[in-house]
Amino acid sequence: MNLSLLLEMSASTLEDRPAVTSGSRTLSYAQLDAAARRCAAKFLSMGATGVVYCGTNDASFPVAVFGAAYAGLPFIPLNYRLGEEQLQPLVEANRGAVIIAETAKVPGADPEMVVLRSTLLDASFASGADVELPPFVDPEDVAIVLYTSGTSGTPKAALLRHRHLTAYVIGTVEFAGAEPEQAALVTVPPYHIAGLANLLSNMYSGRRIVYLESFDAQVWLDTLRNERITQAMVVPTMLARVVQHLDGSPADAPNLATLSYGGARMPLPVLEQALELFVGTGFVNAYGLTETSSTIALLGPEDHDAAFAGDPVAKVRLGSVGKVLPGIEVEVRDEDGNVLAVGEPGLVFLRGEQVSGEYDGGSVIDAEGWFPTKDRGWIDEDDYLFIEGRADDTIIRGGENIAPAEIEDVLRRHDAIVDAAVVGIPDDEWGQQIAAVVVIAPGKSVGVDELYDFCQQHLRSSKTPYRIEFRDELPHTPTGKLLRREVLADLLG
Amino acid sequence: MDIKAGSRLACPECSVELVVVRPPSSAVVLTCGGVEVVDAAADRPGGGHADASGDGTLVGKRYADEDSGIEVLCAKPGPGTLAADGREVPIKGAKPLPSSD
């Protein structure tokens with residue numbers, strides 16, 4: 001199985017159905033397929049060894065993704081927001097690749113290999129001679145290289161092979177299952193696994209994608225209505241901005257059947273408000289990692305509805321990532337590798353056909369096929385998976401393992417707090433002590449003592465921060481993951 | 001015929017085209033409408049099946065034969081029905097999931 005097959009099938013079955021809208025331009029499935037084949041031939045005639053994409057969401061993005069697949073070349077989306085210093089080594093590591101860029105200046109790039117992205121949609125961007133596309137692309141070939149910035153340091157190149165991504169798509173999406181009027185609004189960045197998985201799933205289901213170049217709450221809401229969007233996906237930061245922007249008034253998105261979220265932990269207060277404002281919309285929480293070809297667990301609309309209706313068990317499960325997909329196995333193990341019982345927190349391991357667990361430089365999959373996610377979590381008696389956070393972020397205070405997320409959730413529940421970060425700071429007596437950094441909501445005020453009291457009411461004393469500081473904002477990745485190492489450096493600095 | 005993952009197969013007589021999702025673990029003869037499928041790049045005379053009984057083969061459906069382990073995805077539909085060593089190959093049930101992306 002090769003990624004290009006996904007589009008080829010949709011193009012031959014759905015033909016003139018609209019596939020992608022970006023600004024005023026819409027490409028049908030047949031047009032997208034033709035453009036991807038034309039670009040594939042051109043990439044090969046240029047002698048390219050890969051296809052780098054450096055820019056925002058645009059109709060040229062799917063053309064580049066499927067063009068790379070038709071050519072049998074790896075697709076490598078880079079974070080266009082990175083500074084020159086960080087972008088240049090990534091560009092240089094992919095020397096030989098054609099670079100599809102939003103602007104002509106790409107640090108470290110060979111100018112002859114830079115192609116402005118608007119060119120991809122131009123029929124004159126084609127190979128002169130008769131370049132034949134490879135008749136067979138091995139499912140073992142690398143389809144996509146994603147630099148996972150993670151939250152803890154130097155980017156690593158995660159490798160996803162054709163077989164991983166196609167296993168995810170054909171295992172979870174019904175081919176051409178979408179109604180012709182369905183449309184998905186996409187604002188997640190193209191260099192994130194969610195943006196890629198989203199593209200593949202929607203193209204295979206026959207659902208039109210509407211791209212927004214950048215996120216703005218009002219533009220996003222307007223687009224929901226104007227484009228009659230039926231599916232949308234957001235990261236927590238975006239939903240928080242939408243909720244704040246709506247300021248209590250209903251979202252008025254009558255066509256929106258599903259709103260899915262993921263990419264980082266969703267603060268419960270944001271989710272609860274969103275459930276209230278998006279009447280008639282089903283919410284889906286998707287959990288996955290780059291190394292697992294996106295989603296491996298889902299919390300579906302019924303679970304959200306039950307929680308919203310006040311079911312106490314469902315309310316607890318609103319803090320979970322739901323159940324793992326069919327075909328995915330999960331184990332929770334202790335530090336020594338022993339499999340833990342239901343309800344016991346430990347390290348989360350995953351296994352399944354979509355799980356790659358491979359980087360440029362080696363695989364971290366063990367002999368039995370298990371991938372260590374490095375997330376801590378547990379499973380409840382009905383197989384709901386709860387994720388506490390990254391194992392590296394766990395605070396060990398006096399021998400007790402403390403998940404920062406639990407304390408952050410409590411702080412965020414305070415009226416005056418919009419964001420919170422909890423980290424462990426070195427301490428001679430306890431090993432680590434708990435420190436919190438909070439951001440106060442505009443127009444609100446709160447003192448340190450009040451926050452200590454608030455934490456003590458809601459948490460065991462061993463989990464109450466011993467130090468609380470205020471900042472104007474907290475550092476996040478573009479998908480909303482908190483950069484705890486930067487918070488810690490700031491506190492220690 | 002060498003059937004490996006990713007191979008493209010086709011019916012010589014009808015429009016059915018297949019992609020191998022999982023190769024067989026033991027040798028198997030895969031037929032469409034009673035005729036052995038061929039490499040998709042091979043010569044396909046067409047002409048249709050004399051006997052078009054059965055449900056045909058549906059695009060986007062996965063067909064899996066438990067005995068041999070072979071699993072294929074139908075990339076182009078047609079009237080021919082798949083069989084592995086004469087056994088009809090059933091559609092592999094997919095559980096629809098709520099849209100997550």
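Biologist: Which side chain of chain B meets A:Glu353 in a salt bridge?

Modeller: This is a predicted model, where local features need pLDDT of at least 70, side-chain atom pairs count only at pLDDT 80 or more, and totals for chains, interfaces and linings use all residues. Residues are numbered from 1 along each chain as its sequence is written, chains are lettered from A and ligands numbered from 1 in the order in which they are written, and side-chain values use heavy atoms, with hydrogens and water left out. A salt bridge is a side-chain nitrogen of Lys or Arg within 4 Å of a carboxyl oxygen of Asp or Glu. Here the N to O distance is 2.6 Å, and the partner of A:Glu353 is B:Arg22.

Biologist: Which elements of chain B give two or more residues to the side that touches chain A?

Modeller: Strands are DSSP runs (E, at least two residues), numbered from the N terminus. By that count, the elements are β2 (17-22) and β7 (71-76) of chain B.

Biologist: How is the side of chain B that touches chain A divided into nonpolar, polar and charged residues?

Modeller: Ala, Val, Leu, Ile, Met, Phe, Trp, Tyr, Cys and Pro count as nonpolar, Asp, Glu, Lys and Arg as charged, and the others, Gly among them, as polar. The division is 10 nonpolar, five polar and eight charged.

Biologist: How many residues does the contact take from each chain?

Modeller: Contact means heavy atoms within 4.5 Å. On that basis chain A gives 34 residues and chain B gives 23.

Biologist: What is the order of the open sheet of four strands in chain A?

Modeller: Two strands pair if DSSP finds at least two bridges between them. Strands β17 (residues 346-351) and β20 (residues 371-379) of chain A pair in the antiparallel sense over four bridges, with A:Gly346 opposite A:Gly377. At the edges, β16 (329-333) and β21 (385-390) of chain A each pair on one side only. The order is β16-β17-β20-β21.

Biologist: And which are the edge strands of the open sheet in chain B?

Modeller: That sheet has four strands in the order β4-β3-β8-β9, with antiparallel pairing. Each edge strand pairs on one side only, and the two are β4 (35-36) and β9 (87-88) of chain B.
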